[in-house]
Amino acid sequence: VAHLLKGTVGIQKSYTVDAPFASDEDTPVNHVKGSLRLMRTDAGVWVNGTLDVSSGATCSRCLEESTVELRLQMDDVYYPTADVNTGAMLRLPEDGESSCIIDAQHVLDITEAVRQYTAVGLPMKPLCDSGCAGLCSRCGTNLNHESCSCETWEIDSRWLPLVSLASSTQESSRS
């Protein structure tokens with residue numbers, strides 16, 4: 001982004017992103033696609049745009065790997081660490097995020113921002129499908145692939161007094 005940093009405040013450049021994404025195990029991003037607009041500010045470069053992210057996740061019901069599609073809205077200011085004309089090291093603003101920096105070679109890397117936005121955007125309990133049947137609570141069979149022979153209705157013995165009370169109430173109301 002050296003050309004942006006050498007330009008006047010307000011100069012803009014648009015970029016299209018469509019690439020596989022190298023990520024870590026905590027936030028396994030597979031692919032990023034979208035468009036970003038970069039604009040020179042008085043302090044650095046403002047990055048704004050929408051990215052569609054494909055991320056791996058484990059289904060919270062059946063524990064199988066699935067893919068979650070997210071739409072991220074980026075809105076960050078990146079601060080240079082080196083002056084574009086002299087190469088002198090610059091002090092980052094006190095309130096500036098340490099991950100939103102332009103390195104000494106004037107490269108603006110959105111990898112960490114995409115990882116953070118994805119981590120925040122992932123559902124707390126991702127599902128492989130909205131109709132996922134999950135696992136049998138007794139034998140652990142994946143009910144999406146096969147059925148099990150476990151009893152489907154079992155009453156906890158601690159509830160038997162209430163069940164008998166409810167059934168006797170229903171019988172007395174019928175008479």
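**Group meeting: a walk through a predicted model**

Ser66 touches Ser55, Gly56, Ala57, Cys59, Leu127 and Cys128, leaving out residues up to four places away in sequence. I start there, but please keep in mind that this is a predicted model. Ser66 sits in strand β4, which covers residues 65-80. Is Ser66 buried or exposed? With a relative accessible area of 11%, Ser66 is buried, because buried means under 20%.

Leu63 lies in the loop between β3 and β4. Its phi is near 65 degrees, which is a positive value in a residue other than glycine. Leu63 is exposed, at a relative accessible area of 55%.

His106 also has phi near 65 degrees, again positive and again in a residue other than glycine. His106 is placed in the loop between β5, residues 101-102, and α2. Here the relative accessibility is 14%, so His106 counts as buried.

Next, salt bridges. How many does the structure hold? There are two. One of them joins Asp52 and Arg71, with the closest N and O atoms 2.7 Å apart. This pair links distant parts of the chain: Asp52 is in strand β3, residues 45-58, and Arg71 is in strand β4, 19 residues apart. Asp52 counts as partly exposed at 31% relative accessibility, while Arg71 counts as exposed at 62%.

Glu112 and Arg115 also meet through their side chains in a salt bridge, at 2.8 Å from N to O. Both residues lie in helix α2, three residues apart, which is about one turn of the helix. Glu112 is partly exposed, with 29% relative accessibility. Arg115 is partly exposed as well, with 22%.

On to the loop between α2 and α3, where I picked two residues. Ala133 is found in this loop, and at 43% relative accessibility Ala133 counts as partly exposed. Which residues does Ala133 contact, leaving aside neighbours within four places in sequence? They are Leu143 and Asn144. Ala133 and Leu143 are ten residues apart in sequence, and their C-alpha atoms are 5.5 Å apart in space.

Thr141 is in the loop between α2, residues 111-121, and α3. Setting aside neighbours within four places in sequence, Thr141 is in contact with Gly134, Leu135, Cys136, Glu146 and Cys148. Thr141 counts as buried, at 17% relative accessibility.

Now the surface. Ile155, Trp159, Leu160, Leu162, Val163 and Leu165 form a nonpolar patch there. Together these residues have about 560 Å² of accessible area.

Last, aromatic rings. A pair of aromatic rings is described by the distance of the centres and the angle of the planes. How many aromatic pairs does the structure hold? The count is zero. There is still a ring to mention: Lys13 lies over the face of Tyr15, at 5.7 Å from the ring centre.

To recap, for anyone looking at the model now.

How values were computed
Residues numbered from 1 in each chain as written. Predicted model: local features only at pLDDT ≥ 70, side-chain atom pairs only at ≥ 80, totals over all residues. Heavy atoms only, no water. Patch = residues over 30% accessible without salt bridge, like charges linked within 9 Å, V, L, I, M, F, W, Y side chains within 5 Å. Areas by Shrake-Rupley, 256 points an atom, 1.4 Å probe, with all protein chains shown as cover. Salt bridge = Lys/Arg side-chain N within 4 Å of Asp/Glu carboxyl O. Phe/Tyr/Trp six-rings, centres within 6.5 Å; stacked < 30°, edge-to-face > 60°. Lys NZ or Arg CZ within 6 Å of the ring centre and 35° of its normal. Helix = DSSP H or I, 4+ residues; strand = E, 2+ residues; numbered from the N terminus. Buried < 20%, exposed > 50% of the residue type's maximum accessible area, 1.4 Å probe, protein only. Contact = heavy atoms within 4.5 Å.
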